[in-house]
Amino acid sequence: MIRSAFGRVKAWVTVHPIASFVLFFAIFPFIAPYQALATQVLIFGLFALGFNLLYGYTGLLSFGHAAYYGLGAYGAGLALAKLKVTSLWIALGIGLGAAVVGGALVGFFCLRRRGIYFAMLTLAFAQMLYFIAFHAADLTGGDDGLRGIPLLPLSIFGASVSLRQPLAFYYFAYVLVVLAVAVLKRILDSPFGAVLRAIRENSDRAVACGYDINRVKLLSFVFSALFAGLAGALDALRLTVVPVDSLYWSTSGQVVIMTLLGGAGTFFGPFVGAATYLVLADRLSIFFEAWPLVIGVIFMAFVLFLPRGIWGTLTSRGIGQ
Amino acid sequence: MHRRQFLTTTTAGVTLLAFPAVLRAQTKEPIRIGFPLPLTGTFAAIAADLQKGAQLAMEEINAKGGVMGRKLEVLFRDDELKPAVGAQRTKELIENQKVDFVVGGLAAHVQMAINEQTKAAKKLYISVSQSDEISAKPDTSPLTFHEALNPTITSRTMATYGMQNIGKKWWVVYADYAWGKQNNVVFNAAIAKLGGTVLGSTPYPLGKPEFSAHLPKIQAAKPDAIYAVTPGADNVPFLKQAISFGLKKEARIAQPLHFLYYTKEGGAEVFQDIYGATHFCHELAETLPQAKRYVEAFTKRFTQPPDSYSGYGYNGIHEVARGVELAKSTDSDAVANALRKNREYDHYKGKQWWRACDNKSFQDLWIIKVRSPQQVKGEWGFFDVIGKVAANEELDRTCAEKGHA
């Protein structure tokens, strides 16, 4: 009985991945412990989604994805706090622009190397950005973080909607994340998406098939940075502060853990990983300080025994792909 | 009714009649205070002390029947010394736990992130961390109160004392984050104003206390004294390295703050003759009746004397309670106004007051020096109190300098 119910869920989710996402996250704030946590899951899920495009689908391991998340956050934050732009959309656009430009530049240099050298270069660029932000305190707020970010009302079709209520902000982020997920699905279903997977499986064969893999990898890098940047920009609006840690290697490490925990190379894995990590961290930290130990053990168990991650394991054993 | 039942019922009834305030406090919804603090990380020991002070205040207030017949409930959360975590934990406290007020934050950069959340939620926040910005525009707000000292007050005090008693030529070693940088800037300016010289400054990353590459350069400059802004767990490694390089014999060492628990951890051999400032040390119990009561209560509850930051936690909770009593309300605006109108308070060490323009607390501070191993009194008696600096608004920047009209 349960197995057949799982089977039906699997079939439905497989056929309607976007609709499944839309439905689940529409009710998510009412099943999450509180709404700000639901929003955090949504935003970090998006961040992990961007990372997954590069790592899970293209096979490129970046250790510096905090750079694009941070550029998105600082871009949107600086636009609102320093440039005093009066539109949330313009601020988001500036955040996305900063992440895309940063992704293109860093990708251009890093993609000249492969494997561990590529990973270390991405880490080095991210740490460079971190130290620039740390020391440019007049502009970025340095170690104190960028403060004074106003949460402007949302202007849409001539109407002005306040985002001050946690639920209102959740659904604002939800709409943007749904759009991003739909765009990612379109990318993955396109011939371009097939080439990404071909590069991951065997890049030499992809070259032999006539694909300009450097160009494809760079595009994948830029798309990945775009999603990470959107996540960063949304988080800047959510917290109304941009901590300099947004650019730090620990943020890059966090998104790697979330993606692997949820299931790299699976469509919903990053969101499952983000939800698992953040909800566990939030709940466990109330009761004891050594909560990273629990997440560390769970993470190691998955890497060692269930390397497909939570969602990857479920899809291979019963519930939707 | 049996004799045993009669006795039980009668005793319970008499107890309830005798303590109506306690009964009321137990039946009404508690007043909740959120308290984010770094229970893990470089400042964990100071945070544990801060937490104990807050806990003691809560227990004392509840034992007297609470506030307006309601118990206080303080909810502690580990902010991991990370601004984003501090912001998220504060959101959880406000949104999920429905706290009425927030007290806490123990690092300049984390309290800024906490402050942004409390400002947005219009909740009164009493910061207990050193920072110059928290009580200045544009960061402060009418609901932001600052209980702790700040780098300006601490470093101006140490510069004045240092020039008169320690030396004229200085070198500054500072943790490269907000609090460290602010101390460096203030100390440099104060020493220059007093006619001394700062020969150089050495920043290092907070939490990474490796100084061997810098110490020979400092020794070559031959300063009279070192101003060591090496907070938390960095304090002991810095002094041990200064000793092993011979720097401690060549120059005297002063630091903005002394902490009892780190001094005990490093031992009097390491800390002997190091100067520092503090807003509280348990040795004050020998001269101040308020301090004596506080130290005895703390020691009885936690079987060890308090370090300095427990006083901030203690005051933070007591001030929220006092504000609620005065305002007869848990509305943050009403409590903030009540505290500004009744700005003087004295909970554990003498008179303090809130300055009206910036909600900054002004309080006495003391210059202390670590005793030699032979002079240490008992298990915890490390400090000699060698000077007192009375609370004085002129030690801080003026209201106008902080952006207040």
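Colleague: How far apart do the C-alpha centres of domain 1 and domain 2 of chain B lie?
Modeller: This is a predicted model, in which local features need pLDDT of at least 70 and side-chain atom pairs count only at pLDDT 80 or more, while totals for chains, interfaces and linings use all residues. Residues are numbered from 1 along each chain as its sequence is written, and chains are lettered from A and ligands numbered from 1 in the order in which they are written. The domain assignment, whose bounds come from an automatic or database source, gives domain 1 as 8-149 + 288-362 and domain 2 as 152-278 + 365-395 of chain B. The distance between their C-alpha centres is 30 Å.

Colleague: Which element gives the largest share of the side of domain 1 of chain B that touches domain 2 of chain B?
Modeller: Counting contacts as C-beta atoms, placed from the backbone, within 7 Å, 17 residues of domain 1 of chain B meet 21 residues of domain 2 of chain B. Two or more residues on the domain 1 side come from each of α3 (44-63) and α5 of chain B; helices are DSSP runs of H or I with at least four residues, strands are runs of E with at least two, and both are numbered from the N terminus. The largest share, three residues, belongs to α3(B).

Colleague: Which element of chain B gives the most to the side that touches chain A?
Modeller: Here 23 residues of chain B are in contact with 20 residues of chain A. On the chain B side, α4 (83-95) and α5 (108-121) each supply at least two residues. With seven residues, the element that gives the most is α4(B).

Colleague: What radius of gyration does chain B have, against what a compact globule would have?
Modeller: The C-alpha trace of chain B spans about 85 × 50 × 35 Å along its principal axes. The radius is taken over C-alpha atoms, and the globule rule is 2.2 Å times the number of residues to the power 0.38. For 405 residues that rule gives a value near 22 Å, and chain B agrees with it, at 22 Å.

Colleague: How far apart are the end C-alpha atoms of helix α6 (residues 151-165) of chain B?
Modeller: The expected span is 1.5 Å times one less than the number of residues. The 15 residues of α6(B) should therefore span 21 Å. The model agrees with that, since the end C-alpha atoms are separated by 20 Å.

Colleague: Is A:Phe157 buried or exposed?
Modeller: A:Phe157 sits in the loop between β1 (154-156) and β2 (159-161) of chain A, and its phi is positive, near 50 degrees. A residue is buried with 20 or more other C-beta atoms within 10 Å of its own, exposed with 12 or fewer, and partly exposed in between, with C-beta atoms placed from the backbone. Because A:Phe157 has 4 C-beta neighbours inside 10 Å, it counts as exposed.

Colleague: What is the phi of A:Lys84 near?
Modeller: A:Lys84 lies in the loop between α4 (66-81) and α5 (88-110) of chain A. It counts as exposed because it has 8 C-beta neighbours inside 10 Å. Most residues other than glycine have a negative phi. In A:Lys84 phi is positive, near 55 degrees.

Conventions: Contact = placed C-beta atoms within 7 Å.
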